[in-house]
Each structure stands twice: as C-alpha cells, then as structure tokens.
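Visitor: I am new to this structure. Please take me through one part of it closely, then show me what else is worth a look.

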Amino acid sequence: MGAGVDWDRACFMMDPKITRAVTHAFIVMHEKGVIYRSNRLVNWCCVLRSAISDIEVDKVELNGRTLLSVPGYLRKIEFGALTSFAYPIENSDEEVVVATTRIETMLGDTAIAVHPKDNRYKHLIGKNCLHPFLQRKLPIIADSFNMKRFDARDAVLEALKKKGLFRGQSDNPMVVPLCSRSKDIVEPILKSQWYVKCDQMAQRAIEAVEEGHLKIIPDFHAVTWRKWLENIRDWCISRQLWWGHRIPAYFVTVDDPKVSAGTSDNNDYWVSAHNEAEALKKAARKFDVSEEKVSVKRDEDVLDTWFSSGMWPFEVFGWPEKTADLGKFFPNTLLETGHDILFFWVARMVFMSQELTGKLPFQEVYLHAIIRDAHGRKMSKSLGNVIDPLNVIHGASLTQLSKILESGNLDPKELKRAKEGQAHDYPNGIPECGTDALRFALMNYTSQCRDINLDVLRIQGYRFFCNKIWQASRFTLMQLRNNFAPTEKFVLPGECSTLDRWILSRLSYAVESCNSGMCNYQFNRVTTALYNFWLYEFCDIYIEGCKPVLAGSGNPNGAEIVRKVLFECVETGLRLLSPFMPFITEELWQRLPSRISKEESESICVVAYPEAEQYAFRDETLENQVAHAMHIVRAVRSLRSDYGLTAKVKTERELHLDSPSQIFMFRFYVAFENSSEVSLLTADKVEQLPSDSVQLVVSATCMISLPLEGIINVPKEIARLTDKEEKVIAQLQKLEETVSSPSYNKVPLGIRNNNAEKVKYLRALLLAESKHLKEAIIALENSLA
C-alpha cells in the first residue's frame, strides 16, 4: 500500500514494555480510587462468555416481528413479538395473564407482581399461582440450564399451547442489544467486575474540545463527542477471556479473628500489585497484620483490550519511565482513525493520557469515513461485497473471488448468496488497478463525510489516469534530450508564449490548492486539483498546444522555453502527486534530469514539497482569457463531431467576435489549433455568409460559422441527429416504466441502485444534449432555406 513507517519501532500489544505500563497504570488508578470493584448488572455475551462494556453493545431497533441470526443456532430467532400466557390461580378457575418478549425466562419466574390499586387483581393479592411446568407455588425458582435459551423459548411456547395457557402473540417494537463483536444477544447478569470511574475524565475531555485544546475533524463530530461523554457510565474493564493483559489485582484472605472475611465483590479486600510478593506486603500493611497471616489470589480475568489500547500514545515510548522517546514524541500532533471508533479508542486515549500523564495525547483528531460497497452497503462476507485491497491492486477473476469465499466459514445458504452478489457486482472480476490508483481513489473519496461508496470501476479510471501521467512524463523526457540541465530555481523566461505563461499560472494554482487542501484535511480538493492539472490542463491543452513549437514553427527560442516549462510542470507535478501515488512518481522522478541540489535527496518521498510562495506565476486574467478561448475550441470540435466530421475532413472555420478586446481569443485559437483554415469575420461580412453554412452562438459576443457545402448530406444529417435524441428518450422512458412497476420493490437492491444511477445519467444527458442537438438541427434547417 506504499506506507512509509519506521519498522524498527514495531510494537506488539503484549510486548513486555506494554505489559509493564498496563500493570503500572492499573495499580496507580486502583490506589487512587479511579478503578474499583463492584457487583452489578453487566452486559453478558454468551458466545464470548464474558462481560462487555456498554459501548460494545449495539442497540438494534425493531418495528415488529423480525428474524435475527444468533450465533450457535442453525435457524433464525424471532424478536419483536409480545407473547401472552396465563398463570392459573391455586384453588380457583381464575388466571393472571402475563405478557413478555422473552417467554423462555418464565421458567425462572419467582413471583407475580400486581399494582395494589388495580381492581382487576386487588382480590388476588395473597393468593398463589401455580407454575404450569414445575407444579409448584410461586415464588419458586428452578432452572436446570439444560437447554439453550432460545431453544427453551420454543419448548416453553409449545408446552403452554398444549396446556391451553397460551393467550396470543403480537408485534412489539423493541430494541435488541447485540454484542458488537460476536453479534450475540446480550443478556443482563449480576456479576462482580472491575470498573473505571469516568465522570471526571469525561468532563476533562469535553472541556479539552470546547476550549480548543483538542480539535476534532470534521468538526460535526464534536457535537457527538459532548453528547456521548455527558451521558457516559462507568467503564467495565474486566473480561472473562483467555487472552489479554491479566488484571494485576489480588483478593486478600486474612487468617486473623480481628479481620472479618471478605467477599470478592468488596473492593476493600483487593490490592493491586506487580507480583504476588508485592501484593502480600501491601495486604499486610492494609490490614495491619503480618505477612504470614495473609494469603492472596490473583484475579483470573483480563483487561478490556481498549484499556491497554487507550495508553498507546505514551506506553509505546517506554512510559512510566521518562525515556528520550517519550520526551520527544509525546504528546503527538495528529491522530488519524475511523469515526466508528471515536469512543472505543479516541476517547479512551484522551481519558488515560490526561489521567496518567496530565497531558492530552494529541492536538488534532482526523476521522476518516467508513468504506462501503458501490451501493452504500456495509461490507459483509455473507453479501460477497468485501473488497480486498490486494485484489484491487493485482486484479482478480470472478473464479478467484469465488474461491476466496469458499475458503471462508460461510454456511451453504450464505455462500450461495455471496457468490450471487459477487457475480452481480463483478461479472468480469476485479480489474488490475495498482496501488497508486487505489490510494488516489481513496483520497479522492475523502470529503469529510461519514461513508464512502467504493466503486472499483472508478479506481480503474485512476489507473488510466496513471497511464496519462506516464505518457506525459515520457513525452517530456523525449523532448529534454541528454543535454538538458535544469537550474536549481526556475525563472520565468521573458519570451514565454501565452500558452507557457498560462500553464505556469495553472501550475501555481495547483500548488496553492494542494497546500491549502493538505492544511485543512480537504484531500479531495488536492486530488481534484492534481487530476485537473495533469489531465485537462497539462496533457489536453499544453502538450497538444506546444507540439507545433517543438516541431520548429514560430519563435526559434520557443522550443527551448517549452522544454524548460515541460520540465518544471512534470517535476513539480510529480512532487505534488508523490504522497498519493508514491510508486509511479518515484519511478518517473528518478528518470528526470537532476537539479543542482537534487543529489541532497535520494527519493521523491523526502524531497521538499512544493510551496505556494515558490510559484509566483499566477495570472487570473490570462486564465480567464484562455478559458474563454478553450470554450470556443471545444464548441467548434463539438459542432464538427455533431456532423460526423473527423480530423481528416478539413473545413473552414469563421469566428465573429463583437468585442475588439476578444481578439486575443482568436489568436489563441489559431495558435492552439495550428490551422490556416480559421478566419475572423467582421460585422459587415456576417450577413454575407453562404446559405450552406451553419452557425453556432458560443456566447453573447462570439459566433462560429462552418461552411458545409459538399461535405455533408443535410437532410440525412438532420434525420441522424433527430434519431439520436429519440433513442435517448426511448431508453429513458423504458427504464422509468421499469422503476415505476408495482413489483419493482422485489428487485435486488444492487440492481435498483444501478437503475437509479442510469435514470439520473440519462436525464442529465438528455438535458445537456437536447438543447445542443436542437441548435444543430436548426442550423442545418436554416442552411436549406
């Protein structure tokens, strides 16, 4: 992927220095009372068999009955349903109807609570209900845990129906808590765990952003930051897993009648220490007894991974020791990460850094968007829409993509659906795009939004852009020859042509836009400026326009000036592109002739980035003039294209310009087109134009005339243009009829999204082309008059 990192500083989260830092942090925070032990309801994941924190619970809203996949079950489980059943009253034919969304939990019911003022049940207070399966009076608890919870749901429901106690089921909008990692249904369970007090840390984090000490980019995330931290609860940090940093806490047992026995949920009977020997000393000191009377047992749980990850900005540099690296690199300047872990990781880093070092971990947080597929769907193995960067870089056939799916752990139904999704999105596989094109595409997508809908074909488009850069650079190298020696600093030659001054002005604009975009994290502005400069300005206009000069026409010094300008544009353009396309720019930059000081930098990756003050060539007046002139060029070419005139078909072109000041456009047009078939019409000659010529109004002050006598068959051309418009209209109508069909909602989402894009494109095409085609037809009809 072209990442430039210091591999000597590679760090693993279970390295000894990390373990030492985590242990020290826990001890410090526990002894300060920031970390404490408590017995309370926790979020329990049955798949992980561990408690998880509130932030690891996804709240899924359901509008009614919904089938969800639950790990460990072959079938989907129904949620969003309210089930009613009856408890019979002892020695009576009455009953109490109970409604619940978790029917399987009735096996553990201990009592039935009614409101004392509810007339429906007031006369039943003091009586007993009979459990239909346990045959005991409530309250009695009997749960053998011999069946999985959702299997128990089905069994209980079936048994209630057999006993005639089932009273119905209805839709019930509800929120289902899912484990963000395992996707299992989270259950509340009473359990002793370790917690971090978050109120004061959260308040400091809020103040850091509001006072401007910590900047979050894009800034709309700052509102979410405050809202979430204002409502934060204490953080459960213990996990019942086999891997991770083991909690350095020891439960204390004292063999002394003066000290009462403690329980594991009592924080007072725990000490934290680096090892057992230290724990014994601390316990003896705490309970004022000798070490011989104390025994300690270390907690078997491990810490939440975000506890150690939250210390990343300073633990990697040797904290708590005051190392040279810690003094040099902490606090950091910038953190770049995805917005989906703003609170999982970023907030915790701010918490831990301020709590343990008294400093913020960084000054700015840049949150990038989350990558989705071309249709806006979250990438999922079961949908077959996961895009592996390596497949985009090297390319992959549909067969190869299918084999990757088969090597996974999808069940047969999911595998079939995933393959169908792949065949729909990548019928010809994924084209080879290369690393540079992928990097450039991702940065071009980055517009400080929440999501990126990644289209592989768009990445392929940037692969073609790489080809253009290569061709333009190769063309420049061919012109420079072996004797070209660039100066250390480019100076604008006095004999520069209009085209030379214009491209240098656009180069200045590109440098300015790149620096401004970089400073403001508007990377799509940078990529757009570079794409436009290389493709539409340097390749399409300057290189094409300078070819006659290089061929020897015009100013004898012009060719040498053009070579200097070509070099300046390519060398600067490659340095501007380097952060986005490191491979192609390195290859081409190394082939360029060396500047006097170039030997100081062995690679384009470390050479100085172009600065705006070094390129004082901007001329906005000239840019506007050339823009108008190029508008005329494109209008003439488009007009010729409308009538099917290829480059081989030579025609006269006549321009009428109302304003004398616009004579510049005529001269630029003649020079750029390098044509002797262009003439300037005066006002008195406009009325004398031959009847077989067509006219096109380019602007309020410019008109173009093309004599077409003997070149085209006018009636046939009118028919062709009319047919062209009608075909677009017919295609659009057919697609709109399909979209408006009553059964269209059954069409797969991907196809519907593609059709919506086609409709949008055809409407835009019709809007743009209709006026243009009508003008061309009218011009032809007038030529017949």
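Guide: **The largest pocket and beyond**

The largest pocket holds about 2,300 Å³ of space. A pocket here is found on a 1 Å grid over the protein atoms alone: it is an open set of points where a 1.4 Å probe fits, with protein on both sides within 12 Å along at least five of seven lines. Grid points are joined across faces, edges and corners, and the volume is the space filled by probe spheres set on the points. This is a predicted model: local features need pLDDT of at least 70, side-chain atom pairs count only at pLDDT 80 or more, and totals for chains, interfaces and linings use all residues. Residues are numbered from 1 along each chain as its sequence is written, and side-chain values use heavy atoms, with hydrogens and water left out.

Now the lining. The largest pocket is lined by 49 residues, each with an atom within 4 Å of a point. Closest to its centre are Asp-58, Ser-180, Arg-181, Lys-183 and Lys-378. Several elements give two or more residues to this lining, among them strand S3 (57-62), helix H4 (221-230) and helix H9 (342-356). Helices (H or I, at least four residues) and strands (E, at least two) are DSSP runs, numbered from the N terminus. S3 gives the largest share of the lining, 4 residues.

Next, a charge and a ring. The charged end of Arg-348 sits over the ring of Trp-235, 4.1 Å from its centre. The rule asks for NZ of Lys or CZ of Arg within 6 Å of the ring centre and within 35 degrees of the ring normal. Lys-161 has its charged end over the ring of Phe-166, 5.1 Å from the centre.

Then the sheet. Four strands form an open sheet, in the order S2-S1-S10-S12, with antiparallel pairing. Two strands pair if DSSP finds at least two bridges between them. The edge strands, S2 (50-52) and S12 (235-236), each pair on one side only. Strand S1 (residues 35-45) and strand S10 (residues 186-196) are joined by 11 bridges. Asn-39 stands opposite Ser-192 in S10.

Aromatic rings come next. There are 31 aromatic pairs. Rings of Phe, Tyr and Trp (its six-membered ring) pair if their centres lie within 6.5 Å; planes under 30 degrees apart count as stacked, over 60 as edge-to-face and the rest as tilted. Tyr-73 and Phe-150 are edge-to-face, at 5.6 Å centre to centre and 65° between the planes. They lie 77 residues apart, with Tyr-73 in the loop between strand S4 (66-68) and strand S5 (77-79), and Phe-150 in helix H2 (residues 149-162). Both Tyr-73 and Phe-150 are buried. Buried means under 20% relative accessible area, exposed over 50%, partly exposed in between (1.4 Å probe, protein chains only).

Last, a loop and a helix. Ala-612 is in the loop between helix H18 (582-591) and helix H19 (620-642). Its relative accessibility is 31%, so Ala-612 counts as partly exposed. Ala-612 touches Val-511, Glu-512 and Asn-515, leaving out residues up to four places away in sequence. Contact means heavy atoms within 4.5 Å. The C-alpha atoms of Ala-612 and Asn-515 are 7.3 Å apart, though 97 residues separate the two along the chain. Ser-508 lies in helix H15 (residues 498-519). Ser-508 has a relative accessible area of 4%, so it is buried. Beyond its neighbours within four places in sequence, Ser-508 is in contact with Tyr-615, Ala-616, Phe-617 and Arg-618.
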